[in-house]
Amino acid sequence: SSPWNTGLGSDVFNGSAPTGLLNVAIGREAGQDLAGGGYNTLVGAGSGKNINTGGYNVAIGYQTLFSLQDATSNVAIGIGSGNGNVSSQGNTSVGSYSFGRGTGQRNTAIGEYAMQGAVGNTGTHNVAVGFQGLYSFSSGSQNISMGDSSLYSLTTAQNNIAIGPYAGYGITTGVNNTFTGYQAGNSVTTGGNNTILGYDADASSATVSNEITIGNTSATRFRL
């Protein structure tokens, strides 16, 4: 075992120092299964409990990165954050249960329940900032959600951008859409390649594609 590890709490490191270097585990069962992994910082009961050979991970909060085993370079802060990730790397999640069921890699989730996703969510390179952004996500890449509950219903899709609370709320499988503004495009469900700008602006139908909408139905003048 390596002498360069620090553990504090019952069942930390399963009672013996891991062979990996410079691990810190604080809290009951933090880093309990750690063996060859190194440079992990685990603070909170059950944080990083199942990490075995993974390294360079940071888990702060109760049961953060709870299921992680052999992946590297994940950061999870907040109760249950990142606790569904088993072997994926490069994810950053901040907020209670953010990225709570995700197994994809290089995702960023900031906010309570942000990108919590379906069980086994395999999405990669996605960003969610705000309460319940990308909440229902299952698979896909390059989606950006900024604002509470934006892209909330999105499941399998890619290249969607929603900025503003509830922007793109109803879309499920559409691709290549841009929604900007409070509730912008929130009734679109499966349309693609749409651009919708403005407060409560919406497309002509839930399934329309290749449409540009600026402003809501209350607008009476258009100026440049």
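Select Arg28 to begin the tour: this residue is partly exposed, because its relative accessible area is 47%, and the terms used here call a residue buried under 20% relative accessible area, exposed over 50% and partly exposed in between, with a 1.4 Å probe and protein chains only. The model is predicted, so that local features need pLDDT of at least 70 and side-chain atom pairs count only at pLDDT 80 or more, while totals for chains, interfaces and linings use all residues. Residues are numbered from 1 along each chain as its sequence is written, and side-chain values use heavy atoms, with hydrogens and water left out.

Glu29 is buried, with a relative accessible area of 16%. Strands (E, at least two residues) and helices (H or I, at least four) are DSSP runs, numbered from the N terminus. Lys49 counts as buried at 17% relative accessibility, and the salt bridges that share partners join Arg28, Glu29 and Lys49 into one network.

Move on to Thr64, in the loop between strand 4 (58–60) and strand 5 (75–77). Thr64 is buried, with a relative accessible area of 0%. Leaving aside neighbours within four places in sequence, the contacts of Thr64 (heavy atoms within 4.5 Å) include Gly46, Ser47, Ala59, Ala76 and Ser81.

The aromatic rings come next. The structure holds eight aromatic pairs, where rings of Phe, Tyr and Trp (its six-membered ring) pair if their centres lie within 6.5 Å, and planes under 30 degrees apart count as stacked, over 60 as edge-to-face and the rest as tilted. Select Tyr113 and Tyr135, whose ring centres are 6.4 Å apart and whose planes stand at 65 degrees, so the pair is edge-to-face. Tyr113 lies in the loop between strand 7 (108–110) and strand 8 (127–129) and Tyr135 in the loop between strand 8 and strand 9 (144–146), so the pair ties together parts that are 22 residues apart in sequence. Tyr113 is partly exposed at 24% relative accessible area, and Tyr135 is partly exposed at 21%. Then select Tyr166 and Tyr182, an edge-to-face pair with 6.1 Å centre to centre and 85 degrees between the planes. One aromatic cluster takes in these four tyrosines together with Tyr97, Tyr152, Tyr169 and Tyr199.

Finally, turn to the nonpolar core (buried Ala, Val, Leu, Ile, Met, Phe, Trp, Tyr and Cys residues joined through side-chain atoms within 4.5 Å). Of the 20 residues in the largest core, Leu134, Leu151, Leu154, Phe179 and Ile196 touch the most other members. A second, separate core of 12 residues includes Val12, Phe13, Ile51 and Leu68.

Notes:
Salt bridge = Lys/Arg side-chain N within 4 Å of Asp/Glu carboxyl O.
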